[in-house]
Amino acid sequence: MSNPTEIAEIDGMSEKSAKTLVWDARHEMGMGEFRSVSEMEVNTKYITTGSANFDAIMGGGIPTGYITEVFGAFKSGKTNLSHTLCVTTQLPSSHGGLGGSVLFIDTENTFSKAKIERIARRFGLDPKEVLRNIYHARIYSSDHQIQMINAAEVAIQTKGAKLVIIDSLMALLRAEYIGIGLLARRQAVLNKIIHEISRLAETYNIAVMVTNQVATVMKGTFTAQDAIGGNIVAHGCQFRVQFKSKGFSMNSSLERTATIVDAVDVPPESCNFFITDKGISDEEDPEFAKESLKKTKALLEVELISAADIDDTMEDTEFEEEEPKKNSPKKKTTKKKGK
Ligand SMILES: Nc1ncnc2c1ncn2[C@@H]1O[C@H](COP(=O)(O)OP(=O)(O)OP(=O)(O)O)[C@@H](O)[C@H]1O
Ligand SMILES: [Mg+2]
């Protein structure tokens, strides 16, 4: 499945012999001829996302054999989904998992062990065991990203990984290759990455999930959020899902929408799910919902009290001037009804 030019990079290997080797290998593997599709093996398996709604629109969950891209604005839930999948991949197949380990390529330093432990408890798994089966690599440059994607192949074989996560695919490339002048080089690097992870997904029938950021683009007179990385990412990922916050981006709601933007064989549907402290779910987590409501309420109260204070002082002053209260020794501080 490799290109002869890649094989020719091996010391002592000429381009000519690399080509012969690759062509011969294809011949041996039956890749040099057309075959009837009735012989084609379809063995797609699915990993549950933690949300039955989301699984349903994906046709069962995150599929093996393909690259699934999840893109969305900041705080839309991409990293939360990544963490949930780190745990659910380890579930037995009877419970929506693949009973395998996970490789986590982390470019944003957002991996949280505590979050994994909470998710593991939610699914009835031993948190320590779950952490042992997640192999994490903190990445510092796009070159490092390529190195670890290459290293993933051995890890898949030796550690029994069934899912490779890249969170996020474009963050480092976006930071390193700035401006139109470097676009061609960036896309070349990206092409290499996409090609390699696609090969891993197919060869080992594992799931690959990449997260991606968005950029605001003009669509006529409207603006819309679109995934970055251009056509190479758009064509390279077989399943593309957009996450969105509901309502305004600055609200505190943890409800999110997932929309299938492009897929091999599922219609373009949407569903809602929640981010909870125990991963993503169909239900708003009662514990976290309570805490978050308390905080929002406390903030609102502070604002209302200070506004009411200003109003009351003014009302009191007017009131006292018109009707001085001779009989009452205490200053009246009753607030007007409805304030
Ligand atoms: N323990 C928790 N319980 C509930 N919600 C949480 C918890 N921790 C984080 N969140 C919420 O999750 C959201 C962040 O989600 P996440 O990190 O998955 O976003 P993201 O899409 O990866 O964003 P970015 O593009 O910045 O990486 C925030 O709105 C935050 O309030
Ligand atoms: Mg993130």
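At what angle do α7 and α9 pack, and how far apart are their axes? The legends below take up that question along with other close-ups of this predicted model.

**Figure 1. An overview of the protein chain.** Before zooming in, here is the whole predicted model. The protein chain comes to 11 helices and 13 strands. Of its 339 residues, 31% are buried. Taking contacts between residues at least 6 apart in sequence, 65% join residues at least 24 apart.

**Figure 2. The packing of α7 and α9.** To return to the opening question, the two helices pack at an angle of about 10°, with their axes 11 Å apart. Because angles under 35 degrees count as roughly parallel, α7 is roughly parallel to α9. From α7, the contact is made by Ser142, Gln145, Ile146, Ile149, Ala152, Glu153 and Ile156. Their partners on α9 are Val189, Lys192, Ile193, Glu196, Ile197, Leu200 and Tyr204.

**Figure 3. The length and buried face of helix α9.** This helix covers residues 183-204. At 1.5 Å a residue, its 22 residues should span 32 Å, and the end C-alpha atoms are 31 Å apart, which agrees. The buried residues of α9 are Arg186, Leu190, Ile193, Ile194, Ile197, Leu200 and Ala201. Seen down the helix axis, these buried residues fall within an arc of 125°, so they line one face of α9. Turned away from that buried side is a face with the exposed residues Ala184, Arg185, Ala188 and Thr203.

**Figure 4. The surroundings of the buried side of α9.** Here you can look for the elements against which the buried residues of α9 pack. Among them are three helices you can find by residue number: α7 (142-159), α8 (171-176) and α10 (230-236). The strands β3 (67-72), β6 (161-167) and β7 (207-212) also take part in this packing.

Figure 5. Which residue follows α9 with a positive phi? Asparagine 205 does, with phi near 45°, although asparagine 205 is not a glycine. You will find asparagine 205 in the loop between α9 and β7. With 17 other C-beta atoms within 10 Å, asparagine 205 is partly exposed.

**Figure 6. Lysine 75, another non-glycine residue with a positive phi.** The phi of lysine 75 is about 60°, although this residue is not a glycine. Look for lysine 75 in the loop between β3 and α4. Is lysine 75 buried or partly exposed? It has 15 C-beta neighbours inside 10 Å and therefore counts as partly exposed.

**Figure 7. The crossing of α4 and α5.** Helix α4 (residues 78-88) packs with helix α5 (residues 113-122) at an angle of about 50°, and their axes are 9 Å apart. That angle makes α4 oblique to α5. The crossing in which α4 passes α5 is right-handed. On the α4 side, the contact is made by His83, Thr84, Cys86 and Val87. On the α5 side, look for Lys115, Ile116, Ile119 and Ala120.

**Figure 8. A cis peptide bond at serine 168.** The peptide bond running from aspartate 167 to serine 168 is cis, and its omega is near 0°. Serine 168 sits in the loop between β6 and α8. Both of these flanking elements are also among those that pack against the buried residues of α9.

How values were computed:
Residues numbered from 1 in each chain as written. Chains lettered and ligands numbered in written order. Predicted model: local features only at pLDDT ≥ 70, side-chain atom pairs only at ≥ 80, totals over all residues. Helix = DSSP H or I, 4+ residues; strand = E, 2+ residues; numbered from the N terminus. Expected span 1.5 Å × (residues − 1). Buried ≥ 20, exposed ≤ 12 C-beta atoms within 10 Å, placed from the backbone. Arc of directions from axis to C-beta. Contact = placed C-beta atoms within 7 Å. Axes fitted to C-alpha atoms, helices over the stretch in contact; angles between N-to-C directions. Parallel < 35°, antiparallel > 145°, perpendicular 65-115°, else oblique. Left-handed = near helix turned anticlockwise from the far one by under 90°.
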